[in-house]
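Me: Can we go through the charged side-chain contacts in this one? I'd like to start with what counts as a pair.

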Amino acid sequence: MKEHPDQLAAAWSELVDTARRTVADGLVVGTSGNVSRRLKDLVLVTPSGVPYDRLGPGDITAVDLNGAQILGSLRPTSELPLHLAVYRATPATAVVHTHAPYATAVSTLVAELPPVHYMAAALGGPVRVAPYALYGSDELAAHLLEALRDRTGALLQNHGTVAYGDSLDQALDRTAQLEWMCRVWLTAVSVPGGTPSLLSAEQLAAAGARLAGYGQRGGPGS
């Protein structure tokens, strides 16, 4: 294994902290959902059925890209096929899967989250809903990859969310944005007699172009 022990320990600590944030932020309940991070050909992943507040440095769990366990004695999450599929098909280095309540509710209603806010552009466009399949199955992983085509986040029908990024912070931020957009849409459609206005493809594209340059660049004054 080429990764330095200190690097692995730091990555595991960050992964556990992110998993705990999903609980604190109301995105998961109990041991639902899971988090992973890729380090070259190694994937650190939360174990199955262990509350995140009980995970410590000695519980590090890691597999290779084929799913063979490399580190730890705890069994990896049952959603391991889903995480590995994302790493094989995208440039992701972090994946967050949750059972966020508003997003899960939306996944039971539509085949695609209507574009009610320009932040959909931050996920690549209107967020698709992957058709239902049994959790932990290769079928679910295949449905997810289709929903993630040109996207960095998706809904799983009657299940929850998946978002990825180039860091755990980015994957979690995208998860939170997706949950917020689902809440906005559900709130809007619940108003009697109201019909939410939706953004056009051109409006989303313009927002995406603007978001690509968002944030601090070049130091003070940027």
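Reply: A salt bridge here is a side-chain nitrogen of Lys or Arg within 4 Å of a carboxyl oxygen of Asp or Glu. Please keep in mind that this is a predicted model.

Me: How many salt bridges does that rule give?
Reply: The count by this rule comes to 4 salt bridges.

Me: OK, what does Arg21 form a salt bridge with?
Reply: Arg21 pairs with Asp169, and the closest N and O atoms of the two are 3.1 Å apart. The pair links distant parts of the chain, since Arg21 lies in helix H1 (residues 5–24) and Asp169 in helix H5 (residues 168–189), 148 residues apart.

Me: And how accessible is Arg21, and what about Asp169?
Reply: Arg21 has a relative accessibility of 34%, so Arg21 counts as partly exposed, and Asp169, with a relative accessible area of 41%, is partly exposed too.

Me: Switching to Arg38, which residue is its salt-bridge partner?
Reply: Arg38 forms its salt bridge with Asp41, with the closest N and O atoms 3.8 Å apart, which falls within the 4 Å cut-off.

Me: Why does Asp41 count as exposed?
Reply: Asp41 counts as exposed because its relative accessibility is 52% and the exposed class begins over 50%.

Me: Last one, how far apart are the closest N and O atoms of Arg149 and Glu146?
Reply: In that salt bridge the closest N and O atoms are 2.9 Å apart. Arg149 is partly exposed at 40% relative accessibility, and Glu146 is likewise partly exposed, at 46%.

Definitions and conventions: Residues numbered from 1 in each chain as written. Predicted model: local features only at pLDDT ≥ 70, side-chain atom pairs only at ≥ 80, totals over all residues. Heavy atoms only, no water. Helix = DSSP H or I, 4+ residues; strand = E, 2+ residues; numbered from the N terminus. Buried < 20%, exposed > 50% of the residue type's maximum accessible area, 1.4 Å probe, protein only.
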